[in-house]
Amino acid sequence: MDFIKGFDRNQLIMMDFEANVAQDSWARVVDWFVDTLPMNELGFNDILQAEGRPPYKASDLLKLLMYGYKNQLRSSRKLEAACKINIEVIWLMKGLQPSARKIAYFRKDNPKAFKQSFRYFVLMLKEMNLISGETIAIDSFKIRAQNSLKNNFNQKKIDRHLEYIDGKIAEYENRLDQDDDLEVNQKEELEDKIKWQQEKKQQYKSIEKELEESGEAQISKTDPDAKSVILHRNVVNVGYNVQAGCDGKHKLFINNDTGTVNDTHALAHMALDAKQLLGVDEINCLTDKGYTTGLHIDTCTKNGITTYSSPKAHSSQDNGLYNMNEFVYDAEDDTYTCPANQVLHTNGHICKKRKHRVKRYYTKACNECLLREKCTKNKKGRFIERSIYQEALEENERRVNQNPEYYRLRQQITEHQFGTLKRQWGFTFTLLKGKENVLTEVNLMMMCYNLRRIMSILGVDLLKSWLNILYITFSRLLKPLVSILTDFLNKIKNCNSRKLVFLMQLQTS
Ligand code: SF4
């Protein structure tokens, strides 16, 4: 009896890489998928120069990145190492070993091409009927940026630092003035400390100036696009708030973006982008209450997007006074009737209140009203502010209340993908700096997620057949056809086919 033993290291072994990669491995799926993509049309510069060292094919580098992003190998150095030690990667790259620098620059230099690839993939899924474009849900998740909290400043933080520095300078100066027994070296030490604090003060002053000139509420020194965000349960860090749109049919990602720290101003932009990309005339959009903003709901409604966005409670609800539900609005007369049965009128003037545009409603009856104590603490009487988008907001609220089951689909459609990206694939932080580059990582992640998801839905064999058909269709039929049609369309400049217009845009981008 002996332990199980490995092979003899001195034994020469004939090895076939093909046999060492499972038929349903992620490497094979990525290989099939990337081969179907029209790399040049998507914006990857896959052109050979007459002179110099031959470049790597963009498709090979894209395969490497897609393999890595699904398997928690995102850093270019880890990918470089994987090309030498990971048997699946060696198979996928056919033994190519690009340097970390090459991989990093390929990822950094092609943000638009990665975006186009993801959007092209979404269109492929739509053509294949895996994305229906009937119901979408939009939600966001946060990731940490390459910028520490120490290098993020707002005015309050700068003031706090300046106050501390002034205190320290005053303390050192007092000691110099009052302590006559100080040795020469002690005096020099204090003077050095004052000088150092003054230099620090200058640095904070220049950051303050930069912040003022930017017009923003905060500034990040390492990655200027990153913002201080609440990651979860009051844990604040510097990062990105990534918006993601998902289709209701198979919960596949359809679009993404990043910008502001919260969701308040993201709805219309995301929903309109999804509708345009999918080429549908009407679409239903589910969002949580963070997205409920009058302007955005109104914009969506006017553009064929039916919103189901969780309504926000009115700000006057918890102050112990009559809340807004006690006031009845008459749309015909544009008046409110209060609990004392008095009519509140407006002069029609639209005021700007912070970022909202509202009309104000008053009544003179407040002066002698017996219910006044329950209604208002304002000396001039109660007034109501009605957003100019109130009708759109109320219509949205009615839809949500009348279709609670439908609204509940929101959580099923969006949130579990974020768990997969963050917990299973480790996408809790970005490796790159700047909005465009961060979106490159997001696009790569979402492409991997969609591909992995359709691998589960269709099975590997069916997926392979489908990708084969696409490859043959594009490389042998569609590509020459698109090229001919693009020339033709350029001449007549009127085409109704969204797909062809999209492909034409890809070709010209
Ligand atoms: S205070 Fe004015 S608005 Fe309030 S109940 Fe009385 S009359 Fe109506």
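Predicted model: local features only at pLDDT ≥ 70, side-chain atom pairs only at ≥ 80, totals over all residues.

**Stop 1: Asn 45**

Show the surface around Asn 45. Its relative accessibility is 60%, and exposed means over 50%, so Asn 45 counts as exposed. Asn 45 and Asn 110 are 65 residues apart along the chain, but their C-alpha atoms are separated by 8.6 Å.

**Stop 2: helices α4 and α6**

Select residues 76-85 for helix α4 and residues 100-109 for helix α6. Two packed helices are described by the angle between their axes and the distance between the axes. Here the axes come within 8 Å and cross at roughly 125°. The helices α4 and α6 are therefore oblique to each other. The crossing of α4 past α6 is right-handed.

Which residues of α4 and α6 meet? Show side chains for Ser 76, Arg 77, Leu 79 and Glu 80 in α4, then for Ala 100, Ile 103, Ala 104 and Arg 107 in α6; these are the residues that meet. Of the residues in this contact, four are nonpolar, one is polar and three are charged.

**Stop 3: Asn 437**

Go to helix α15 (residues 435-458) and select Asn 437, which is found there. Is Asn 437 buried or exposed? With a relative accessibility of 15%, where buried means under 20%, Asn 437 counts as buried. Leaving aside residues up to four places away in sequence, Asn 437 touches Lys 108 and Leu 432.

**Stop 4: the five-stranded sheet**

Colour the strands β9 to β13. In what order do the five strands of the open sheet stand? The order is β9-β10-β11-β12-β13, and the pairing is antiparallel. Strands β9 (328-330) and β13 (384-387) are at the edges with a single partner strand each, so one side of each has no neighbour in the sheet. On average, neighbouring strands of this sheet are turned by 35° against each other, with direction ignored.

Strands of a sheet pair through backbone hydrogen bonds, either parallel or antiparallel. End the tour at Lys 353, which stands opposite His 356 in β12.

Definitions and conventions: Residues numbered from 1 in each chain as written. Heavy atoms only, no water. Axes fitted to C-alpha atoms, helices over the stretch in contact; angles between N-to-C directions. Helix = DSSP H or I, 4+ residues; strand = E, 2+ residues; numbered from the N terminus. Parallel < 35°, antiparallel > 145°, perpendicular 65-115°, else oblique. Left-handed = near helix turned anticlockwise from the far one by under 90°. Contact = heavy atoms within 4.5 Å. Nonpolar A, V, L, I, M, F, W, Y, C, P; charged D, E, K, R; others polar. Buried < 20%, exposed > 50% of the residue type's maximum accessible area, 1.4 Å probe, protein only. Pairing = 2+ DSSP bridges.
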